[in-house]
Every structure is written in structure tokens, then in C-alpha cells.
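Could you walk me through this model in the viewer, one selection at a time? I would like to know what to pick next and what is there.

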Amino acid sequence: MPRFDAGEVQLEPKWDERHPPGQFVSDEHEADCSRFLEEVKESIRRRYELGLGPKR
């Protein structure tokens, strides 16, 4: 598992972006998880661009 410095933002995941990590009971749950992760990444990206990231 990669280690990060405090305040470092990783915008590029190391795993296959087409599928979220883990095992899912259905394709629908996998799609929901994938959509959720994309929404969270976009929210984090917007906050970072607005300067609302972690205080240094």
C-alpha cells in the first residue's frame, strides 16, 4: 500500500479505474459504488481547487 505525506492528494488511483476495488454481490452494486467513488473524487477535486483542502 502506498504511503502519503500529510496533505498530499492522490488524483490518479493505482488500480483499474473501470472497476472499484472489492467484490460485489451484483453488477448493480458495483455500478453504484463506482458512481459514488467518482462523485466523491469530483467533490474532493472541487474543494482542492477552491483552496478548501487540508491546512498545512
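A salt bridge here is a side-chain nitrogen of Lys or Arg within 4 Å of a carboxyl oxygen of Asp or Glu. By this rule the count comes to four salt bridges. Before you start clicking, note that this is a predicted model, in which local features need pLDDT of at least 70 and side-chain atom pairs count only at pLDDT 80 or more, while totals for chains, interfaces and linings use all residues. Residues are numbered from 1 along each chain as its sequence is written, and side-chain values use heavy atoms, with hydrogens and water left out.

Stop 1: Select residues 27-49, which make up helix α1. Helices (H or I, at least four residues) and strands (E, at least two) are DSSP runs, numbered from the N terminus. After α1, click on Gly 51: its phi is positive, near 80°.

**Stop 2: Glu 38 and Lys 41.** Show these two side chains and you will find a salt bridge, 3.1 Å from N to O. Both residues lie in α1, three residues apart, about one turn of the helix. An α-helix has 3.6 residues a turn, so residues three or four places apart point the same way.

Glu 38, at 40%, is partly exposed, and Lys 41 is partly exposed at 24%.

**Stop 3: Glu 42 and its partners.** Now select Glu 42 together with Arg 45, whose side chains meet in a salt bridge at 3.0 Å, N to O. Three residues separate them along α1, about one helical turn. Salt bridges that share partners join Glu 42, Arg 45 and Arg 46 into one network.

Color the trio by accessibility to finish: Glu 42 is partly exposed at 33%, Arg 45 is partly exposed at 29%, and Arg 46 is partly exposed at 44%.

Conventions
The expected span of a helix is 1.5 Å times one less than its number of residues. Buried means under 20% relative accessible area, exposed over 50%, partly exposed in between (1.4 Å probe, protein chains only).
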